[in-house]
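Reader: I would like a close look at one part of this model. Please keep it brisk and give me the cut-offs.

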Amino acid sequence: MQTQKRAILLLQSETGKHEDFAQQREAFFNFLNRENLNVIMEIESHCESSAEFINSISMGTIRRHAAWRDYEILLIPTINMFGSTPIEITQEIQFLEKNGVTVISAKEGKITVENLPSVFRRQFKVTK
């Protein structure tokens with residue numbers, strides 16, 4: 001018998017509108033069913049910018065539950081929630097991995113310390 005993995009669904013909205021959160025939930029709906037995940041907590045965060053999120057109460061909750069080994073998967077809309085620089089984002093991913101958490105982004109897919117450089121490269125836009 002396969003045990004269900006525990007997940008936290010972390011949602012972010014700059015406007016705080018219900019529609020923003022509903023759209024993000026919808027993006028993860030098929031994944032949750034396909035992977036047979038048990039969502040133990042859903043956190044809705046209202047932040048004016050991604051840089052503000054890293055210092056919010058939500059991130060403290062995420063870190064604390066990771067250290068307590070309460071969940072195995074963190075579902076997020078984008079890795080930019082973890083900070084405004086690659087260093088901040090990398091530190092958060094390292095902390096979560098060290099505590100047994102797999103990060104899955106709706107925008108970037110499965111995120112690991114090893115694939116972060118390629119994820120960062122994809123975010124660059126070449127302009128003439």
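Which residues does Ile79 touch, not counting residues up to four places away in sequence?

Author: Ground rules come first. This is a predicted model, in which local features need pLDDT of at least 70, side-chain atom pairs count only at pLDDT 80 or more, and totals for chains, interfaces and linings use all residues. Residues are numbered from 1 along each chain as its sequence is written, and side-chain values use heavy atoms, with hydrogens and water left out.

Now Ile79. Leaving out residues up to four places away in sequence, Ile79 touches Ile89, Ser105, Glu108, Ile111, Leu116, Val119, Phe120 and Gln123. Contact here means heavy atoms within 4.5 Å.

Ile79 also belongs to the largest nonpolar core, which has 21 residues. A nonpolar core is a set of buried Ala, Val, Leu, Ile, Met, Phe, Trp, Tyr and Cys residues joined through side-chain atoms within 4.5 Å. Buried means under 20% relative accessible area, exposed over 50%, and partly exposed in between, with a 1.4 Å probe and protein chains only. Ile79 is among the residues with the most contacts inside this core, along with Ile62, Tyr71, Leu74, Ile76, Phe82 and Leu96. Strand S1 (5–13), helix H3 (57–67), strand S3 (73–76), helix H4 (86–98) and helix H5 (116–123) each supply at least two of the core residues. Helices (H or I, at least four residues) and strands (E, at least two) are DSSP runs, numbered from the N terminus. Another core, of eleven residues, lies apart from this one; Ala7, Leu9, Leu37 and Ile73 are among its members. In soluble globular proteins, nonpolar side chains tend to be buried together.

Take H3 and H4 next. Their axes come within 9 Å and cross at roughly 30°. That makes H3 roughly parallel to H4. Axes are lines fitted to C-alpha atoms, for helices over the stretch in contact, with angles from 0 to 180 degrees between N-to-C directions. Angles under 35 degrees count as roughly parallel, over 145 as roughly antiparallel, 65 to 115 as roughly perpendicular, and the rest as oblique. Where the helices meet, Met59, Ile62, Arg63 and Ala66 in H3 face Glu92, Phe95 and Leu96 in H4.

Finally, the whole protein. There are five helices and five strands. Along the sequence the pattern is β-α-β-α-α-β-α-β-β-α. Buried residues make up 40% of the 128 residues. Among contacts between residues at least 6 apart in sequence, 69% join residues at least 24 apart.
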